[in-house]
Structures are given as structure tokens and as C-alpha cells.
Amino acid sequence: MSDNFTIENGVITDHEISSETEAQVVFPKGATAIGENLFRGYENIIYVLIPDSITAIQDCAFQSCTGLKSVIIPSSVKTIGEFAFEYCESLQTATLMNGVSSIGYGAFSNCDKLININIPESVTDLQGSAFASCTSLLSVSIPKNINTIPEASFYGCDSLNSVVINEGVNSIESEAFAFCSNLKTIVIPESVTYIDPCAFEDCENLTIIAPLGSCAWQFAEDNNINYLAQ
């Protein structure tokens, strides 16, 4: 036991923090992981301080923490689990420091006030629906070390206006940007060699910016999507 926390083999597995009153959570230094479901449904959590000893945020750790407005994830954290911050409906900014390598399925999905998200270059594994239905998200840059933009990654992000995909990304999977109804521009590099037919479903205002002769250029041609030569 460390203050209000139970730690087992480095994982914070339990706590004595009330769900009834507004709370600011400062995790103990020395712990290495924030355990599954640790604060799931704690609507009173408004602030968390994650120490640089933490290497993993496990599945559903902060799911439905509807009072949480911002989070800084330090460079020590390598993995963010499935649904870790799903339905954090007040979350406006999530700052991921360079060091995070994996963002789990649905990790930030349904964070409908999330305006800003930075995906650091250290990320190599982005899983499906990671940012689905983040309806306030305005723009995003996909770093070069993500090989595949998976299924439904940004599905239903209907405020998303611009996307930049960096050279190094190879494929864009089904519904990755589907129903992003305000998506105006997406920059797609020559390294992208596969785009699923449904990747941009219902993106009626889209212009693809891509090199002439590239896979993205051909995709725009074949699907009557506006394009600009890069």
C-alpha cells in the first residue's frame, strides 16, 4: 500500500479515492503501470499526474472519467491500453510525449470535446477506432513510423478539417476516416500503396493532395475525389 493505492508487482490495482467528491489524482512514484479499470466511471476525477516511472496505462484505466479535462502522458509510458480514455467527455487536450509506442483499440474514442491530439513519432502501433467519434477534433498528423492507419481510426470525427500523413505510412484501412463530413484536405505520401475503398466513406468535401502517379492520386481518379498534385 502506498498512501491511497494498492500496488502489486508494480501495477496499481486498487485505491481508496472516493467517487463522490471532486478529486485530483497524483500517482505514487515507483509504480510501473496503472491497472485495468482503475478509475473506470469515476466522473469526479478532474486531474491526474502520471509519474515518469509509469510504463503502461492498462485497458479502461480512465474510461468514462467524464470530469477529466486534460492529460499529459510522459515519455516513460510505452503502451496505452484499449479504451483507456474512452468516453472522457470533458477531455479537451491529450499530450503524448515522445516515447509512447502503442495506442490501443478505442483508447480515446468518444472523447467528444477533444480538440487537440499529438501522435508522437515514437508510435509504431495504432489500433482500430483509437480516436473514433472524437467529434471536436480539428486536425491530425500521422507520423512516419505507423505502418498502417487501421480500421475506423478516426471514424465519425465530423469536425476534422485537415489530415497530414507522413512519408513512411503504407496503408489506409476500411473506414479509417469514414463519416468525417467536414474533412477538406488530406495529404497522402507516395509511400502509401493501399487505400481501402471505404477509407473515406461519406467524406463529400474531400480533396486529396498527393504526388502524381501515386496510389492516392489513382484512388482519387477512380473515385471521383478532388485532388491536387503535390
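Reader: How do you know what Phe108 touches, not counting residues up to four places away in sequence?

Author: Contact means that heavy atoms lie within 4.5 Å, and on that basis Phe108 touches Ile73, Ile80, Phe85, Leu91, Ala94, Leu96, Ile103, Ala130, Phe131 and Cys134. The model is predicted, so local features need pLDDT of at least 70 and side-chain atom pairs count only at pLDDT 80 or more, while totals for chains, interfaces and linings use all residues. Residues are numbered from 1 along each chain as its sequence is written, and side-chain values use heavy atoms, with hydrogens and water left out.

Reader: Why is Tyr87 called partly exposed?

Author: Buried means under 20% relative accessible area and exposed means over 50%, with partly exposed in between (1.4 Å probe, protein chains only); Tyr87 has 35%, and is therefore partly exposed. Tyr87 lies in the loop between β8 (79-80) and β9 (93-96), strands being DSSP runs of E with at least two residues, numbered from the N terminus. Leaving aside neighbours within four places in sequence, Tyr87 is in contact with Ser64, Cys65, Thr66, Ser109, Asn110 and Cys111.

Reader: What makes β14 and β16 a pair?

Author: Two strands pair if DSSP finds at least two bridges between them, and two bridges join β14 to β16 (residues 171-172), so these parallel strands qualify. Thr148 has Ser171 in β16 as its bridge partner.

Reader: Why are β14 and β18 said to stand at the edges?

Author: The open sheet of three strands has the order β14-β16-β18, with parallel pairing. β14 (148-149) and β18 (194-195) each have a single partner strand, so one side of each is left without a neighbour in the sheet.

Terms used:
Helix = DSSP H or I, 4+ residues; strand = E, 2+ residues; numbered from the N terminus.
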